[in-house]
Amino acid sequence: MRPAEEILLLLLCRLGQAVRPLRESEFRELSAALERTQADENAEITDALLCSCGVSADARSRILTLLKRRECLQDYLAAAPEVSVLTRISAGFPQRLRALGSDCPSALFCKGDTSLFSTRCVSLVGSRRLYARGRAFAAHIGTLAAKEGFTLVSGGAAGADSIAQEACLAAGGSVICFVPDDLTHYPMRKNLLFCSDEGYEFTFSSARALRRNHFIHALGEKVFVAQCPRCAGGTWAGTQENLRRCLSAVYALQDSSEGIRALAALGAVLLSDFPSEIGSLTPPQLSIFN
């Protein structure tokens with residue numbers, strides 16, 4: 001691990017401790033200040049260097065305290081040897097997540113084959129309680145992803161997520177699953193990469209569940225929606241945010257529901273039937289008269 005990656009983990013992750021890491025905005029301010037001094041990225045961060053950057057005494061003390069946790073970092077990683085970590089400045093970190101800007105995770109804690117991040121990905125999101133057609137659609141997309149060589153990105157939740165995931169794996173495909181809870185509770189499975197931001201030991205929270213939706217949408221070059229209630233739940237929140245930020249093309253199964261109609265109004269492409277291929281799908285091009 002490069003010194004710059006280690007510094008990022010020390011400053012932005014709890015590492016199993018009851019500490020307050022830097023907020024992303026604070027880390028950006030510090031990085032900008034260090035850059036203005038033209039400090040080498042591998043240079044040791046000392047009180048004198050921070051003082052020369054104009055960092056306040058209280059902030060310097062906090063930063064230096066966080067940086068003294070190198071032994072804690074080693075112990076934290078050693079306590080879960082099946083878990084690896086990629087910081088956002090690591091070579092293998094997924095490029096598409098960087099499109100999230102300040103919402104890009106500082107690090108991904110991973111259980112499985114991280115080389116899946118270098119593959120082409122599509123995502124499937126949808127309701128936990130699906131009608132029969134929505135269930136069939138989720139399974140169809142999972143199977144198609146496997147057959148066409150796409151890695152399926154999922155959140156592993158009940159309903160659409162798990163149906164598509166299991167269909168993809170059953171067809172010989174691969175899955176990247178962003179989890180909102182304790183990563184160590186998930187057993188290793190062939191062709192399945194589990195990921196978590198912040199750390200590997202966190203319990204479930206609604207904030208983490210909503211945040212991982214952004215990762216699912218950003219990582220997939222195409223996102224498929226199997227059922228979505230309007231203005232409620234993670235599927236709606238993640239998809240409308242995707243459409244607002246143009247993270248990826250969104251394809252929603254037409255089911256005449258209020259939620260799907262609302263997503264179409266925001267820019268989702270409606271699918272009247274199950275697609276025969278994923279790779280050939282392209283959003284309709286707008287003319288200057290639209």
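## Surroundings of Ala145

Leaving aside neighbours within four places in sequence, Ala145 is in contact (heavy atoms within 4.5 Å) with Val122, Phe150, Leu152, Cys168 and Ile278. The model is predicted, so local features need pLDDT of at least 70 and side-chain atom pairs count only at pLDDT 80 or more, while totals for chains, interfaces and linings use all residues. Residues are numbered from 1 along each chain as its sequence is written, and side-chain values use heavy atoms, with hydrogens and water left out.

Ala145 is found in helix 6 (residues 132-148). Helices (H or I, at least four residues) and strands (E, at least two) are DSSP runs, numbered from the N terminus. With a relative accessible area of 0%, Ala145 is buried; buried means under 20% relative accessible area, exposed over 50% and partly exposed in between, for a 1.4 Å probe and protein chains only. Between Ala145 and Cys121 the C-alpha to C-alpha distance is 8.4 Å, and the two are 24 residues apart in sequence.

Strand 3 (residues 121-126) is largely enclosed by the rest of the structure, because six of its six residues are buried. In a regular strand, side chains alternate between the two faces of the sheet. Both faces of strand 3 are covered: one side carries Cys121, Ser123 and Val125, the other Val122, Leu124 and Gly126, and all of these are buried.

Two strands pair if DSSP finds at least two bridges between them. Strand 3 and strand 4 (residues 151-154) run parallel and are joined by three bridges; Ser123 has Val153 as its bridge partner in strand 4. From strand 3 the chain crosses through helix 6 to strand 4, a β-α-β crossover that is right-handed. Right-handed here means that, with the strands pointing away from the viewer, the path from the first strand over the helix to the second runs clockwise. Strand 3 also pairs in the parallel sense with strand 7 (residues 222-226), over five bridges. The bridge partner of Gly126 in strand 7 is Ala226.

## Nonpolar cores

A nonpolar core is a set of buried Ala, Val, Leu, Ile, Met, Phe, Trp, Tyr and Cys residues joined through side-chain atoms within 4.5 Å. The largest such core has 61 residues, and those with the most contacts inside it are Leu11, Phe109, Leu124 and Phe224. Apart from this core lies another, of 32 residues, among them Cys110, Leu116, Val125 and Ala268.

Leu124 touches a set of residues that includes Phe137, Ile141, Leu152, Val153, Asp161 and Phe224, when residues up to four places away in sequence are not counted.

## Salt bridges

A salt bridge is a side-chain nitrogen of Lys or Arg within 4 Å of a carboxyl oxygen of Asp or Glu. By this rule the count comes to 17 salt bridges. Glu5 forms one with Arg2, where the closest N and O atoms are 3.4 Å apart. Glu5 is buried at a relative accessible area of 11%, whereas Arg2 is partly exposed at 34%.

Arg62 forms a salt bridge with Glu26, the closest N and O atoms being 3.1 Å apart. Arg62 lies in helix 4 (residues 57-67) and Glu26 in helix 2 (residues 24-36), so the pair ties together parts that are 36 residues apart in sequence. Both Arg62 and Glu26 are buried. In the salt bridge of Glu166 with Arg189, the closest N and O atoms are 3.0 Å apart. This pair links distant parts of the chain, 23 residues apart: Glu166 is in helix 7 (residues 160-170), and Arg189 is in the loop between strand 5 (174-178) and strand 6. Glu166 is partly exposed at 36% relative accessibility, and Arg189 is partly exposed with a relative accessible area of 36%. Salt bridges that share partners join Asp103, Glu241, Arg244 and Arg245 into one network.

## Positive phi angles

Glu198 is not a glycine, yet has a positive phi of about 70 degrees. Glu198 lies in the loop between strand 6 (192-197) and helix 8 (206-219), and its relative accessibility of 32% counts as partly exposed.

Cys246, also not a glycine, has a positive phi of about 55 degrees. The loop that holds Cys246 runs between helix 9 (233-245) and strand 8 (249-253). Cys246 counts as exposed, at 67% relative accessibility.
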